[in-house]
Amino acid sequence: MKVSFKVFRFDPKKDEKHHYDTFVVETKLNERILDCLNKIRSKQDSSLSFRMSCSHGICGSDALTINRVPSLACQKLIKDYNYTSEIIIEPLRFYSVIKDLIVDLDPFFKRLEKLKNDEKRKPINKLEKRENIQSIEDLKQFEDSIKCILCGSCVATCPISLETDPEFIGPAALLRAYRYIFDSRIKNINEKMLLLEKAHGIWSCKSHYKCTLVCPKQIKVTKTILKTKRKIRERAVSKRHEGD
Amino acid sequence: MIYTYDVVVIGGGIAGLITALKASEKCSVSVVSKIHVTRSHSVAAQGGIAASLGNEEEDRWEWHMFDTVKGGDYLSDQNAAEILAKEAPGCVSMLEHLGVPFSRNSNGKIQQRRFGGHTQNFGEVPVKRACYAADRTGRTIMDVLYDECLMRKIPLHNEVFIHNLLFSENNCCGVVGYDIRDCTPIVFHAKTVVLATGGAGRIFKTTSNGYSSTGDGFGLTLNAGLFLQDMEFIQFHPTGIFGLGILVSEAARAEGGILRNNNNERFMLKYAPSLKELAPRDIISRAILTEINEGRGINGEKYVFLDLRNIGKDTLLEKIPEVISFIQTYMGISANEAPVPVAPTCHYFMGGIPTNTKGQVLIDKNHTIARGLYAVGECACVSIHGANRLGCNSLIDLVVFGLRTGKSASMYSKKYNRVSLPVETEKISENKLIFLLEKKGNSSVYNIRENLQNLMTEKCNVFRDGQNLSLALHKIYELKKKYSDLILNDNGTHFNYELQEAFELENMLKTAESIVYSAFKRKESRGAHFRTDFPEREDTKWLKHTLVASNLQGLKVNYFPVKISRFQPVKRKY
């Protein structure tokens, strides 16, 4: 069967502005969108640029905007779309486009760095002592958040990042913070929470739930942000009581 | 652009990051990767990391060492296997203290499960030795290490492709490559270079490996005129999803999954009566293909069934959620309701760049070291895994030998002065880029690559023979000729992946050639290397490591003895 793809193109060396190219690909219902993009590159236009690596939804390289929704090209199959009309492939929103479907992810990774305080690190050595004890229930507290693959889809759909506060630290970084704050083994969580309270931090989030809707790993991102907010508030209250 | 560091690590997988983190305690270090650091193929490691913690039942490092050596069909260097088994528990403990979210048992300790070839009391019964974080073990280790790199402010050079090692005064003194974003040549001037470039599964048509596993470190080493070791030993994982090659973790069998042929027989009872589905991977892969070749594939097709229905939905979702989810996505199958079509898929390279147990690269059979050059992880051959690696021994290899390599590389950097770079190093990259971009030949990267992948899958797979290997060698020679007649249709400079794929293809061709030649020369069957024309293991002639290199005259092989200490080779049965 033949399916048409309308693909976003931009070459910084040649183009002032982006345009769209249409490619018709011979494919099957169970084929991945990524397979089709590869067919375009190997058979029709080798100058089409997009990132990929593991091809099964664990490395986070190939998040794209497919029919207006951020998705992993390796996780979506032809049958997931209305393939009788064109499937539209665009780069992720929010980030600046470097070439075709490739965006500059530096702002994404920089936001993860912002969460790192200058704590003294443990030496990188094999240890004589045994592991920390952690109950199954304590692990469950943050288990959902370790599924994150840093694909950037959540940021690319967040109305705060896109419209009201482009400096917003964003759902992925907040999820990463949650992962450590709710890990019973981590000690200095107060400092971590202080970092989140800075400008463009956690309070910029207005719970639009868009991140939760698009997360390719089905992480309940908004829920984790709300839980972190509650924890910060609780700490503030208990501090006030201490002051009394 | 020239960057200067004490240690430069090429490759941002788990081995590379552990090495960098360890080295950063003593000196300046940076990681260079052709993809973003968190995208490396280490993240795809599912099932677990082996260590004799004994959290579930009695376990000892001696048993782990024995299993590793026996699993490797006695080609493992036993000093290396001993280090691996002894240091594994301390390394897992380190990972846990860094924050890896291991699954827990009811006592709150790291939970452990069975895995292929890991046994109690020197081969008696399966033992629970695999520590894991559901089936996201690699991903979760990677995430913690990445955060650790950010906290230690280790500079990460993402999306830089390295195509040459630099040597002067008999020292490796850096690497040269280009920025994939815009084709700017980049030189790294270093006291020591660590290769952590992973495997080369992409030379096969069906592989569990991601697109980035193209054997770049093997290519860099061969191009420098150095040897690779034991390249004929390639692991085919028995349970790749049919047609796609994506892995269904061994954990699925550890949790109770059963392999069945078209007659609904549990055929592993025939091939490995004691360990059955938890026999080592080489044995199960041969069993599956024997069933298929003898007409007992499902409906005569080239796959068998992996039946997970007896495990129960809750356990499946708790223990192997990722696997269950992509079986659903790609096959449309609910694994708790229907069996999963599986077939062997190219998975892991036991061989690689020869190193000692400090990660130093060896340049001959007398164990002379290449000054300033290190290798670690899948691209290295210490040799721990011998002729066949056990599941979960890869992740632990990365950590144990990553620490050792990081320590040794930083000490080397402290001890010796910087060697100056050869002249005009940036020109090396510039010339290569111009040469490839302006070449006007007739062959496309994609055509040559597809031919290579088909060829390796047909002629150099699980079952091999002299005739096919010699044919393959000839065909690779032809493909190399075609490669010299290349044309790129894209001559852009920004994210030109066709250009990158051309560089990778050169590495793939050279890697494939070294594999096929080593396999052709080894006239016996051992571990993952099975010759239908020489079906027996022959210790008197072949209990030795292969070294292979290529120069202008062609390929050459050399051999050197295996280090044997505690365990004398005996016939391998499971």
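How many helices and how many strands are there in chain A? The answer opens the first point of this note.

1. Basis of the model. Chain A has 8 helices and 7 strands, where helices (H or I, at least four residues) and strands (E, at least two) are DSSP runs numbered from the N terminus. The model is a predicted one, in which local features need pLDDT of at least 70 and side-chain atom pairs count only at pLDDT 80 or more, while totals for chains, interfaces and linings use all residues. Residues are numbered from 1 along each chain as its sequence is written, and chains are lettered from A and ligands numbered from 1 in the order in which they are written.

2. Chain A overall. The C-alpha trace of chain A spans about 70 × 45 × 30 Å along its principal axes, and 42% of its 244 residues count as buried. A residue is called buried if 20 or more other C-beta atoms lie within 10 Å of its own, exposed if 12 or fewer, and partly exposed in between, with C-beta atoms placed from the backbone. Of the contacts in chain A between residues at least 6 apart in sequence, 63% join residues at least 24 apart; two residues are in contact if their C-beta atoms, placed from the backbone, lie within 7 Å.

3. Domains of chain A. The domain assignment gives domain 1 (2–103) and domain 2 (106–243) for chain A, the bounds coming from an automatic or database domain assignment. The centres of these two domains, taken over C-alpha atoms, are separated by 30 Å, and 14 residues of domain 1 of chain A are in contact with 14 residues of domain 2 of chain A. On the domain 1 side of that contact, the largest share, 4 residues, comes from strand β4 (residues 69–72) of chain A. By class, this side has 9 nonpolar, 4 polar and 1 charged residues, where Ala, Val, Leu, Ile, Met, Phe, Trp, Tyr, Cys and Pro count as nonpolar, Asp, Glu, Lys and Arg as charged, and the others, Gly among them, as polar.

4. A covered helix in chain A. Helix α5 (residues 171–181) of chain A is mostly covered, with 10 of its 11 residues buried. The buried residues of α5(A) include A:L174, A:L175, A:R176, A:Y178 and A:R179.

5. Chain B overall. Chain B has 16 helices and 24 strands. Its radius of gyration, 22 Å, is close to the 25 Å that the globule rule gives for 574 residues, so chain B is as compact as a globular protein of that length; the radius is taken over C-alpha atoms, and the rule is 2.2 Å times the number of residues to the power 0.38. The C-alpha trace of chain B spans about 65 × 50 × 50 Å along its principal axes, and 64% of the 574 residues count as buried.

6. Four strands of chain B form an open antiparallel sheet in the order β13-β16-β15-β14, two strands being paired if DSSP finds at least two bridges between them. The edge strands, each pairing on one side only, are β13 (234–241) and β14 (258–260) of chain B. Within the sheet, β15 (residues 304–307) and β16 (residues 340–349) of chain B pair in the antiparallel sense over 3 bridges, and B:L306 stands opposite B:V340 in β16(B). Helix α8 (residues 281–296) of chain B lies across β13, β14, β15 and β16 of chain B, running at about 60° to β13(B); axes are lines fitted to C-alpha atoms, for helices over the stretch in contact, and angles run from 0 to 180 degrees between N-to-C directions.

7. The contact between the chains. Chain B has 49 residues in contact with 48 residues of chain A. On the chain B side, the largest share, 8 residues, comes from α3(B), and the residues of this side divide into 18 nonpolar, 17 polar and 14 charged.

8. B:H41 is found in the loop between β3 (29–33) and β4 (49–50) of chain B, and B:H41 is buried, with 26 other C-beta atoms within 10 Å. Not counting residues up to four places away in sequence, B:H41 touches A:C54 of the other chain as well as B:G13, B:G198, B:N209, B:G210, B:S212 and B:S213.
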